[in-house]
Structures are given as C-alpha cells and as structure tokens.
Amino acid sequence: MHEIKSKVDFLAGCMTITLDHPINELEFLRVRLCEGQNFTNVDDLSYIKKTSCTFPKAGRLNLTGQALFYASVAVKQDDTALRVVLSEAQAKQLDHLNVLRSHQVSETGLYLRVIGIWDQIRRNEKPYYLNQDTFDYYTEARKHMVKQFSRELLLAYELTDRFFADILSREGNERLYQVTSALSNMFLTDKCDGVLYSSVKAKGEPVVALKPQVVDDKLVHQFATEVLIDKAFGYEYYEYYEYRTLAKTSSIGRISGKLEW
C-alpha cells in the first residue's frame with residue numbers, strides 16, 4: 001500500500017496541473033435504496049454523517065473512514081442524470097429508491113478537478129457538462145502548456161490524465177480502490193472542492209465526489225422523490241431503466257432537514 005501511495009502521490013503531485021477556475025450553476029442527483037418507508041431526514045440521503053476508523057469502507061475516491069458526497073451531474077433537460085445515478089447504485093427491478101436533487105448556491109463557484117479534460121481539449125471536443133467559458137479557459141491553458149513544455153513533458157501530463165480517467169471509470173474492487181482512493185489526499189486540497197469524472201456504469205456521463213463541507217456551504221437540497229424501478233436491463237444500458245415516480249417531498253426543513261412527503 002505504501003508503494004501504491006508513493007507512486008500515486010508522484011503522478012498526482014508532479015504530473016498534473018490544477019487550474020483554479022470555478023464551475024457555476026451545477027445541479028446534482030444522489031440516490032439511496034430505501035426498504036419500506038421513505039427516509040425522513042435529508043441527512044439520510046446526503047453524505048455519511050457518522051464515520052469511524054472502519055466506516056465507510058474505501059471507495060472510488062474516499063479512504064476508509066472518509067465521507068464524500070457522490071452524485072451525478074444534472075445538466076441535460078431530460079432524465080439522463082437520474083438514469084446515470086440509478087445505474088451507479090446498481091438499482092434492480094422492483095427496487096424502491098429515494099432520490100435527492102440539490103443545486104449549487106447562486107454566486108458560488110465549485111473548484112473541481114476535472115479528470116480526463118486534457119484529452120478532450122486536445123481533440124477540441126467540449127464536454128456537454130462544461131459551459132463554453134470554462135472550456136475556453138482550459139483550451140487557452142493547454143495552448144500555454146504547448147508553448148512552455150517540451151513535447152515529452154506535455155505527453156507525460158496528458159498520459160497521466162488519461163491514466164486517472166481510465167482507473168476512475170473501471171469497475172470497482174478492493175485492489176482498484178487502493179489506488180483510486182489514494183488520489184483523494186492529493187486531489188482534495190483546501191482549494192479543491194471535489195473531483196468530476198466519468199460514470200463507471202454510464203461511460204462519459206459526469207459524476208462527482210464532493211467534500212462534506214462543500215455540500216454544507218455551497219449546495220441547497222431542493223427536493224427528494226420516491227422512485228420504483230419497473231425494469232432494469234443491466235450492463236451498459238443505463239438509459240433503458242424504466243421507473244415510476246411515486247412521491248415527491250413538499251418541503252425540506254432548512255434547519256431540521258426533515259423531509260415532508
């Protein structure tokens with residue numbers, strides 16, 4: 001594990017570039033399986049409040065005992081984000097789930113490490129979840145890198161970004177999480193609010209891991225819904241989830257967090 005950490009630290013610390021450019025006006029969906037009654041408090045649907053030295057287990061980007069807010073990014077006007085988050089949760093037929101929708105507080109910026117962005121910039125393919133201003137900012141940054149870096153150094157930076165994009169989009173297992181969770185210590189600095197990367201189950205669709213304090217300071221929880229899965233086709237067919245929305249909260253207590261269904 002020490003060898004893994006040292007190599008990841010080198011790649012993340014020496015072979016990546018962090019740009020302090022805020023992303024604005026994002027919305028997020030987070031889902032949790034509920035058995036029986038719907039959840040009664042927003043804390044049940046948000047990040048894990050009570051952690052220990054062994055809980056939660058190491059995950060995609062969280063170390064053992066570290067809480068992060070995992071969610072899909074809701075950008076398109078259709079229900080893509082909901083189907084993505086259902087697939088990430090590996091929802092099955094007849095599952096009941098509660099879905100939490102949250103949005104970014106106005107006039108706040110989220111400073112996200114966007115994994116895989118340099119390859120998209122190189123190919124001039126703007127991800128749909130980035131606005132034009134942000135894409136242009138990254139484009140100008142790469143032009144500067146081309147002028148300042150040798151060809152070999154630029155290639156090393158781009159290959160490192162591709163490597164991180166690759167491992168973060170692979171099916172999870174304990175050995176993989178030893179590598180990916182080690183990235184959190186390097187990525188989630190004081191200036192970084194979270195990591196944006198590709199969904200594992202819905203390749204190319206954006207998902208995030210946000211720090212708990214960022215959720216408290218920069219997100220507002222809008223509402224929660226109860227969803228019943230009628231059909232789940234599995235594999236990569238996340239877009240073919242068939243579901244029904246059975247209920248929606250009328251309000252979420254601003255201080256108490258109580259969900260009124």
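The lining of the largest cavity in this predicted model is made up of 15 nonpolar, three polar and four charged residues. Two or more lining residues come from each of strand 4 (112-114), helix 3 (117-122), helix 4 (132-148) and helix 5 (151-168).

The open space is treated next. The largest pocket has a volume of about 1200 Å³. Among its 39 lining residues, Arg 30, Val 31, Tyr 70, Glu 88 and Ala 89 are closest to the centre. Strand 1 (27-33), strand 2 (69-73), helix 2 (80-88) and strand 6 (206-210) each contribute at least two residues to this lining, and strand 1 has the largest share, with four. By residue class, the pocket lining divides into 21 nonpolar, seven polar and eleven charged.

Helix 2, one of the elements that line the pocket, is largely enclosed by the rest of the structure, because eight of its nine residues are buried. The buried residues are Thr 80, Ala 81, Leu 82, Arg 83, Val 84, Val 85, Leu 86 and Ser 87. What do they pack against? Their partners are strand 1, strand 2, strand 3 (96-104), strand 6, strand 7 (219-231) and strand 8 (242-248). Just after the helix, Gln 90 adopts a positive phi of about 55°.

The largest nonpolar core has 27 residues, and Phe 28, Trp 118 and Leu 210 touch the most other members. Strand 2, strand 4, helix 3, helix 4, strand 6 and helix 8 (212-218) each give two or more residues to this core. Helix 4 provides the largest share, four residues.

Beyond its neighbours within four places in sequence, Phe 28 contacts Ala 71, Ser 72, Val 73 and Ala 74, along with Leu 100, Arg 101, Ser 102 and Leu 110. Further along the chain, Phe 28 also contacts Val 208, Leu 210 and Leu 219.

Tyr 129 sits in the loop between helix 3 and helix 4. Is this residue buried or exposed? Tyr 129 counts as buried because its relative accessibility is 10%, and the cut-off for buried is under 20%. With residues up to four places away in sequence left out, Tyr 129 touches Leu 26, Val 75, Val 114, Gln 120, Leu 196, Gly 204 and Pro 206. The C-alpha atom of Tyr 129 is 8.4 Å from that of Ala 74, although the two residues are 55 apart along the chain.

The cysteines come last. A disulfide is a covalent bond between the sulfur atoms of two cysteines. The count of disulfides in this model is zero. Cys 34 is buried, at 4% relative accessibility, whereas Cys 53 is exposed, with a relative accessible area of 69%.

Technical notes: Residues are numbered from 1 along each chain as its sequence is written. This is a predicted model: local features need pLDDT of at least 70, side-chain atom pairs count only at pLDDT 80 or more; totals for chains, interfaces and linings use all residues. Side-chain values use heavy atoms; hydrogens and water are left out. Ala, Val, Leu, Ile, Met, Phe, Trp, Tyr, Cys and Pro count as nonpolar, Asp, Glu, Lys and Arg as charged, and the others, Gly among them, as polar. A disulfide is a pair of cysteine sulfur atoms within 2.5 Å. Buried means under 20% relative accessible area, exposed over 50%, partly exposed in between (1.4 Å probe, protein chains only). On a 1 Å grid over the protein atoms alone, a cavity is a set of points where a 1.4 Å probe fits but cannot get out, and a pocket is an open set with protein on both sides within 12 Å along at least five of seven lines; lining residues have an atom within 4 Å of a point. Grid points are joined across faces, edges and corners, and a volume is the space filled by probe spheres set on the points. A nonpolar core is a set of buried Ala, Val, Leu, Ile, Met, Phe, Trp, Tyr and Cys residues joined through side-chain atoms within 4.5 Å. Contact means heavy atoms within 4.5 Å.
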